[in-house]
Amino acid sequence: GGFFGLNFSQVSLSNWAQGGENSVALSSTANLFANFKKGKVDWQNTLDMAYAMVQTGSDKLKKSDDKIDFTSKYSRKISDHWLYGVLFNFKSQFADGFNYPDDSNIVSKFFSPAYVTLSPGITYKPLDYFEVLISPATSKWTFVNDKYLSDAGAYGVEAGKTVRTEFGTYLNMKFKKDIMENVNFMSKLELFNNYTDKNKDNASKVDVNWENILTMKVNKLITASVSAQLVYDADVIERTQFKESIGVGFGLKF
């Protein structure tokens, strides 16, 4: 099953005394899942994608959101609330990214960066809508396949190299529940601490990826959503990254 959403917004001004600029924005999201559960086996697969463009005034059309996030988690029950297994995660994007308003230098591309995480571990699942995976032996790979970005040493990959390997502790916590009729809340927290970083300062800093999405269904076709994401990775930038979006538009759940 899954959910597909398409949001559109437009502002047109003519002789508007208070000022402002014409704008057009279009965003799309897709959240797909395929799960298998039988006996002691629990296999969960999710694919989350997003892409958005915006144009303001006479500016060119610009990318405002871009996301590919695939997770596959295979587990077997040990007891009622405990499971053991392995999690695989892949993250990247579709299109070239720029540090606007400067659109002369590319800062990201498909598979530049891309992140692959492989985590064998133990899962605590006391409720159907809440679970925590803990892995003390997680491998994480950061790929930068573009030569320009690789030569610049982008995303913590050594200059001239295309991949960086890390090994450390990983925690993945997920909450997803209908908190009231036609209102769903999802929160996912990922923490990773690298054992093997040669930079002792960065080795003690935990990578954080925290996503929250609130989806509200108005009727069969109209939905509204609010999302917020906080990211911290000292190897990429020594500051907390934050992204927030609000959308109202067409939504289809299947």
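Visitor: How many residues lie between S12 and S13 in their hairpin?
Guide: Strands (E, at least two residues) and helices (H or I, at least four) are DSSP runs, numbered from the N terminus. Two strands pair if DSSP finds at least two bridges between them. S12 and S13 have ten bridges and run antiparallel. In their hairpin, the number of residues between them is four.

Visitor: What pLDDT must side-chain atom pairs have to count?
Guide: Residues are numbered from 1 along each chain as its sequence is written, and side-chain values use heavy atoms, without hydrogens or water. This is a predicted model: totals for chains, interfaces and linings use all residues, local features need pLDDT of at least 70, and side-chain atom pairs count only at pLDDT 80 or more.

Visitor: Which residue in S14 pairs with Ala228?
Guide: S13 covers residues 222-233, and S14 covers 237-253. They are antiparallel, with eleven bridges. The bridge partner of Ala228 in S14 is Glu244.

Visitor: How many strands make up the closed barrel?
Guide: The chain has two helices and 14 strands. The barrel order is S1-S2-S3-S4-S5-S8-S9-S10-S11-S12-S13-S14, with antiparallel pairing. The number of strands in this closed barrel is twelve.

Visitor: What is the average twist from one strand to the next?
Guide: Axes are lines fitted to C-alpha atoms, for helices over the stretch in contact, and angles run from 0 to 180 degrees between N-to-C directions. From one strand to the next, the twist averages 20°.

Visitor: Is Ala50 buried or exposed?
Guide: Ala50 lies in strand S3, residues 41-56. Buried means under 20% relative accessible area, exposed over 50%, and partly exposed in between (1.4 Å probe, protein chains only). Ala50 has 9%, so it is buried.

Visitor: How far apart are the C-alpha atoms of Ala50 and Asn31?
Guide: Contact means heavy atoms within 4.5 Å. Leaving aside neighbours within four places in sequence, Ala50 contacts several residues, including Ser28, Asp65 and Phe94. Ala50 and Asn31 are 19 residues apart along the chain, and their C-alpha atoms are separated by 8.7 Å.

Visitor: How far apart in space are Asp80 and Asp65?
Guide: Asp80 sits in the loop between S4 (62-77) and S5 (82-92). At 63% relative accessibility, Asp80 is exposed. Asp80 and Asp65 are 15 residues apart in sequence, yet C-alpha to C-alpha they are apart by 40 Å.

Visitor: What is omega near at the cis peptide bond from Ser112 to Pro113?
Guide: Pro113 is in the loop between S7 (106-108) and S8 (114-127). The bond from Ser112 to Pro113 is cis, with omega near 10°.

Visitor: What is phi of Tyr155 near?
Guide: Tyr155 lies in the loop between H1 (147-151) and S10 (163-180). Not counting residues up to four places away in sequence, Tyr155 touches Ser112, Pro113 and Asp235, among others. Its phi is positive, although the residue is not glycine, and is near 60°.

Visitor: How many residues does the largest nonpolar core have?
Guide: A nonpolar core is a set of buried Ala, Val, Leu, Ile, Met, Phe, Trp, Tyr and Cys residues joined through side-chain atoms within 4.5 Å. Here the largest one holds Tyr115, Val144, Leu149, Ala154, Tyr155 and Val157. Its number of residues is six.

Visitor: How exposed is Asn182: what is its relative accessibility?
Guide: Asn182 is in the loop between S10 and S11 (183-194). Its phi, near 65°, is positive in a residue other than glycine. Asn182 counts as partly exposed because its relative accessibility is 43%.

Visitor: What share of the 254 residues in the chain is buried?
Guide: The C-alpha atoms fill a box of roughly 70 × 50 × 25 Å along the principal axes. Of the 254 residues, the buried share is 35%.
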